[in-house]
Amino acid sequence: MRDDKRRRILAAATAVFEKRDFHQVLVSEVASRAGVGKGTVYLYFPTKDDLHRGALEESLERITSDVEAVAGADAPAADVLRRVVGVILRFFWRRPHLLTLAQHYERRRPRRARERRQRIMRAVERVLARHRIGGTAGARRLSVAFLLGLARAGILEHGPADRPDAVAARIVDLYLHGVGGAVRRQRRAA
């Protein structure tokens, strides 16, 4: 029963925080959406910041699971990598500040953050290994870090007219073909 309430509260908080910024969210709205009283929310999460952190961690766990799932697809490397980058971009697209916030929260729980990051890294490493991209295991690890760094840049630097899937495609094209190759491919497509 207790775990069920906590899950309902986190699910409600995640849904509300995904739609609005921290200061626009009322704990009473989360409580109502979860079907519990406001006091019950505070029993599980003593502060709104704790509630927000819990919701963010739930979201990051979901992203990690989604990345693992799409990385296992039996498809060409470019397609799988676009899906992986797309999962990450779509979550942070309209909320790039959450990327910084997630990094801040993860410093408080380095073990959990490291485990989540390693799961994502291993999932993408398996894609690269399956498609013989990135050389040795050590080189592949660095290659994965480059791809995730490009995804971070896409989150923070995309333009107002850009769309997540289009940016994911450009990131993967750049990643697989380099700047020169990506530009030549774009010119041929135009």
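Is Arg83 buried, partly exposed or exposed? Arg83 is partly exposed, with a relative accessible area of 38%; buried means under 20%, exposed over 50%, and partly exposed in between, using a 1.4 Å probe and protein chains only.

## About the model

This is a predicted model, in which local features need pLDDT of at least 70, side-chain atom pairs count only at pLDDT 80 or more, and totals for chains, interfaces and linings use all residues. Residues are numbered from 1 along each chain as its sequence is written, and side-chain values use heavy atoms, with hydrogens and water left out.

## The whole chain

Let's start with the overall picture. The chain has nine helices and zero strands, so its elements read α-α-α-α-α-α-α-α-α from the N terminus on. Here helices (H or I, at least four residues) and strands (E, at least two) are DSSP runs, numbered from the N terminus. Along the principal axes, the C-alpha atoms fill a box of roughly 60 × 35 × 30 Å.

Of the 190 residues, 41% count as buried. A contact means heavy atoms within 4.5 Å. Among contacts between residues at least 6 apart in sequence, 67% join residues at least 24 apart.

## Charges

The chain carries 39 positive and 21 negative side chains. Lys and Arg count as positive and Asp and Glu as negative, while His and the chain ends are not counted. The centres of the two sets lie 2 Å apart, with each charge placed at NZ of Lys, CZ of Arg, CG of Asp or CD of Glu.

## A closer look at Arg83

You can find Arg83 in helix α5, residues 77–92. Not counting residues up to four places away in sequence, Arg83 touches Val70, Ala73, Ala75 and Arg90. Leu60 is 23 residues from Arg83 in sequence, and their C-alpha atoms are 16 Å apart in space.

## Where α6 meets α7

Now follow helix α6 (residues 97–108) and helix α7 (residues 110–130): their axes come within 5 Å and cross at roughly 120°. The two helices are therefore oblique to each other. Angles under 35 degrees count as roughly parallel, over 145 as roughly antiparallel, 65 to 115 as roughly perpendicular, and the rest as oblique.

Which residues meet here? Glu106, Arg107 and Arg108 in α6 meet Pro110, Ala113, Arg116 and Arg117 in α7.

## Arg132 in a loop

Arg132 lies in the loop between α7 and α8 (137–157). This residue is exposed, with a relative accessible area of 79%. Phi of Arg132 is near 55°, a positive value in a residue other than glycine. Most residues other than glycine have a negative phi.

Conventions. Axes fitted to C-alpha atoms, helices over the stretch in contact; angles between N-to-C directions.
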